[in-house]
Amino acid sequence: MKTFGGKEVVVTQEDIDERADASSAFVSEIRTSSVLTIHGSADTTVDVENAKMYDESIPRHTLKIIEGGDHNFNGLKFVGEIVVSIAEFIQSASKNGNRHVNIPRYGGNPFSQ
């Protein structure tokens, strides 16, 4: 059992399976958008292997692993590296003629925006 914002949160196997199914469904649909994933190597909330799976599954995917970064990138410790990664990604996508840069939001479907 975990706490979030001082409240106890119960996550069932059904919750986990539902989230995994939704995530897999929208990932398999991404074919033309450029996608950037920035993930911390020390993230204990979401395993870095998930980011690597996205990297293998999405054709125009860029994966940036922040060495030593946790789930929240240790507050502002890595903000410079993150900003540079985002800027380089946008520059690269623009140079390759891709004007469709996908920014998925946690728990949402990027295609519904």
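Leaving aside neighbours within four places in sequence, D55 is in contact with H61, T62 and L63, contact meaning heavy atoms within 4.5 Å. D55 is found in helix α2, where helices (DSSP runs of H or I, at least four residues) and strands (runs of E, at least two) are numbered from the N terminus. The model is a predicted one, in which local features need pLDDT of at least 70 and side-chain atom pairs count only at pLDDT 80 or more, while totals for chains, interfaces and linings use all residues. Residues are numbered from 1 along each chain as its sequence is written, and side-chain values use heavy atoms, with hydrogens and water left out.

The side chain of D55 makes a polar contact of 2.8 Å with the side chain of H61. A polar contact is a pair of N or O atoms within 3.5 Å; within protein, one atom must be able to donate a hydrogen and the other to accept it, and residues adjacent in sequence count only if both atoms are side-chain atoms. With a relative accessible area of 32%, D55 is partly exposed. The classes are buried (under 20% relative accessible area), exposed (over 50%) and partly exposed (in between), for a 1.4 Å probe and protein chains only.

H61 is found in strand β4 and counts as buried, at 11% relative accessibility. A second polar contact involving the H61 side chain, of 2.7 Å, joins it to the side chain of T37. Beyond its neighbours within four places in sequence, H61 is in contact with V35, T37, A51, Y54 and D55. The C-alpha atoms of D55 and T37 are 8.1 Å apart in space, and the two residues are 18 apart in sequence.

These residues belong to a right-handed β-α-β unit made by β3, helix α2 (residues 48–57) and β4. The crossover is called right-handed if, with the strands pointing away from the viewer, the path from the first strand over the helix to the second runs clockwise. Strand β3 (residues 34–40) has 6 of its 7 residues buried, so the strand is largely enclosed by the rest of the structure. β3 and β4 (residues 61–66) run parallel and are joined by 6 bridges; two strands pair if DSSP finds at least two bridges between them. The bridge partner of G40 in β4 is I66.

A search of the whole structure finds 2 salt bridges, a salt bridge being a side-chain nitrogen of Lys or Arg within 4 Å of a carboxyl oxygen of Asp or Glu. One of them links the side chains of E49 and K52, at 3.4 Å from N to O. E49 and K52 are 3 residues apart in helix α2 and are therefore separated by about one helical turn. E49 is partly exposed at 46% relative accessibility, and K52 is partly exposed with a relative accessible area of 33%.

In the other salt bridge, the side chains of K64 and E81 meet at 3.3 Å, N to O. K64 lies in strand β4 and E81 in helix α3 (residues 79–95), so this pair ties together parts that are 17 residues apart in sequence. Both residues are partly exposed: K64 has a relative accessible area of 27%, and E81 is at 32% relative accessibility.

The loop between β4 and α3 contains F73 and N74. Most residues other than glycine have a negative phi. F73 has a positive phi near 55 degrees and is not a glycine; N74, also not a glycine, has a positive phi of about 55 degrees. F73 counts as buried, at 17% relative accessibility, whereas N74 is partly exposed, with a relative accessible area of 32%.

Over the protein chain, 3 helices and 5 strands are assigned, and their pattern along the sequence is β-β-α-β-α-β-α-β. Of the 113 residues, 24% count as buried. Among contacts between residues at least 6 apart in sequence, 66% join residues at least 24 apart. The protein chain exposes about 8100 Å², of which carbon and sulfur atoms supply 53%; accessible areas come from the Shrake-Rupley method with a 1.4 Å probe, and for residues only the protein chains shown count as cover.
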